[in-house]
Amino acid sequence: MFLMAAELMHLPVVAAHYPASALWRFISFHSDHVTWTGWSLHDLIQPAFSFMVGVALPFSIGSRLAKGQPKAALVRHALLRALMLVGLGVVLRFIDEKQIHWTYEDTLSQIGLGYPFLFLLGFAGTRARWSAFAVILIGYWAVFALHPLPSAGFDRLAADIPADWSHDFTGFAAHWNLNTNAAWAFDMWFLNLFPFGDTFRGNPEGYSTLSFIPTLGTMILGLIAGQWFRDGHQGARAIKRLLIAGALSLLAGMILDASGICPSVKKLWTPSWTLFSGGWCFVMMAMFHAINDTLGINRWSLPLRVLGMNSILMYVLAHFAEAVLAEAHHFNLKVFPLNVLGQDFAISILGTFIFLALWILMWALYRRKIFIRI
């Protein structure tokens, strides 16, 4: 959540002024998504968010059942929560537009679409969860692998593929190319059922509705990890499990990507990306559990906890703030203190002030134990 909110600082914009600096190139790369294949630190934000939804579920279900709530009430709450998440995701995609765009690629929408299925798996055993995870990954891979490749006369511009696009795969991996794949074909039918101002032709960045299916796979990995903690695994035992799961997932994802069987593309959430990013989630959880819980060194994490405890609210407010910053030309960036480091840093300083203002708000809520839940 901290890294997501840090988008407000627009570090890649600053870095563009210093192309010769290796440090700024590094910061820029890891402050933004990769164009197609590969990964950056920024690309791990959504998997970590989705993973933590799964981690929290065993505790949420256990708490509600302990309070005597019937399963029917839990199911109704889960469905309502899913609907609200999908709705919020849709709203956040057109807050700076003049019309509604019925698209479902936002993180909240993706989580909401998969949440009812995750909730049902919350009552299943470990074997059923791993089986569901395998079916999701194999099935999603097969849908792409069996989808026909475009013909020689395919109109790429009509599919909203940028004219300068140079990231196409060749051979079998071409089944995962931008706006010629199975998920794009689904959206060409599905999204055009909604009242758009313009006909949907393709997402120029490659995001798709069906990515919620492998995103559900990421949430299942979190569900499994959360169940380990719910069952009492702590300390070295938990760290060992998490690290083994992380290493195996990372290795599997890298092998699938390197072999060309399934390229790793975050924007399509390919099975190899599900495994690779899920592996990092296991490893990061092991690290945080070791430092914060096992060693008891947790004062350093207060800035992160302040945001994490109101993650949905922070996510929404950060997106609204980003819409404000998109109109930065309305601000006078040449005034103090925005110009204190020169004009190259003005937009970043403005974004930092907004980020700090949101953090202070989250801190005030944290101090008063006010946590916004859906």
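Trainee: Why is Trp269 called buried?

Mentor: Good place to start, and keep in mind that this is a predicted model. Trp269 has a relative accessible area of 2%. Buried means under 20%, so Trp269 counts as buried. Its place is in the loop between α10 (235-259) and α11.

Trainee: What makes the phi of Trp269 worth a note?

Mentor: Phi of Trp269 is near 55 degrees, a positive value in a residue other than glycine. Lys369, in the segment after α14, also has a positive phi of about 55 degrees and is not a glycine.

Trainee: Is Lys369 buried or exposed, and how do you know?

Mentor: Lys369 has a relative accessible area of 68%. Exposed means over 50%, so Lys369 is exposed.

Trainee: Why is the contact between Glu105 and Arg93 called a salt bridge?

Mentor: The N to O distance between their side chains is 3.8 Å. The cut-off is 4 Å between a side-chain nitrogen of Lys or Arg and a carboxyl oxygen of Asp or Glu, so Glu105 and Arg93 form a salt bridge. Both residues sit in the loop between α5 (71-92) and α6 (107-121), 12 residues apart.

Trainee: What makes Arg93, Glu105 and Asp106 a network?

Mentor: Salt bridges link the three residues. Besides the bridge to Glu105, Arg93 forms one with Asp106, with the closest N and O atoms 3.6 Å apart.

Trainee: How do you know which of these three residues are buried or partly exposed?

Mentor: Set each value against the range for buried, under 20%, and for exposed, over 50%. Asp106 is at 0% relative accessibility, so Asp106 counts as buried. Glu105 is at 13%, so Glu105 is buried as well. Arg93 is at 33%, so Arg93 counts as partly exposed.

Trainee: What does the salt bridge of Arg201 tie together?

Mentor: Its partner is Asp160, and the closest N and O atoms are 2.5 Å apart. Arg201 lies in the loop between α8 and α9 (212-230) and Asp160 in the loop between α7 and α8, so the pair ties together parts that are 41 residues apart in sequence. The structure holds five salt bridges.

Trainee: Why is the aromatic pair of Tyr18 and Phe345 called tilted?

Mentor: Their ring centres are 6.0 Å apart and their planes are at 40 degrees. Planes under 30 degrees apart are stacked and those over 60 are edge-to-face, with the rest tilted. At 40 degrees, the pair is therefore tilted.

Trainee: What makes Phe119 and Phe123 an edge-to-face pair?

Mentor: The angle between their planes is 75 degrees, with 5.3 Å centre to centre. Edge-to-face needs over 60 degrees, so this pair qualifies. Phe119 is buried, with a relative accessible area of 6%, whereas Phe123 counts as partly exposed at 33%. The count comes to 27 aromatic pairs.

Trainee: Which residues form the nonpolar patch on the surface?

Mentor: The patch includes Phe2, Leu3, Met287 and Ile297, and its accessible area is about 790 Å² together. The elements giving two or more residues to the patch are α1 (2-5) and α11 (271-294). Ile297, at 47% relative accessibility, counts as partly exposed.

Note on methods. Residues are numbered from 1 along each chain as its sequence is written. This is a predicted model: local features need pLDDT of at least 70, side-chain atom pairs count only at pLDDT 80 or more; totals for chains, interfaces and linings use all residues. Side-chain values use heavy atoms; hydrogens and water are left out. Patches are made of residues with over 30% relative accessible area and no salt bridge: like charges are joined within 9 Å, nonpolar side chains (Val, Leu, Ile, Met, Phe, Trp, Tyr) within 5 Å. Accessible areas come from the Shrake-Rupley method with a 1.4 Å probe; for residues, only the protein chains shown count as cover. Helices (H or I, at least four residues) and strands (E, at least two) are DSSP runs, numbered from the N terminus. Buried means under 20% relative accessible area, exposed over 50%, partly exposed in between (1.4 Å probe, protein chains only). Rings of Phe, Tyr and Trp (its six-membered ring) pair if their centres lie within 6.5 Å; planes under 30 degrees apart count as stacked, over 60 as edge-to-face and the rest as tilted.
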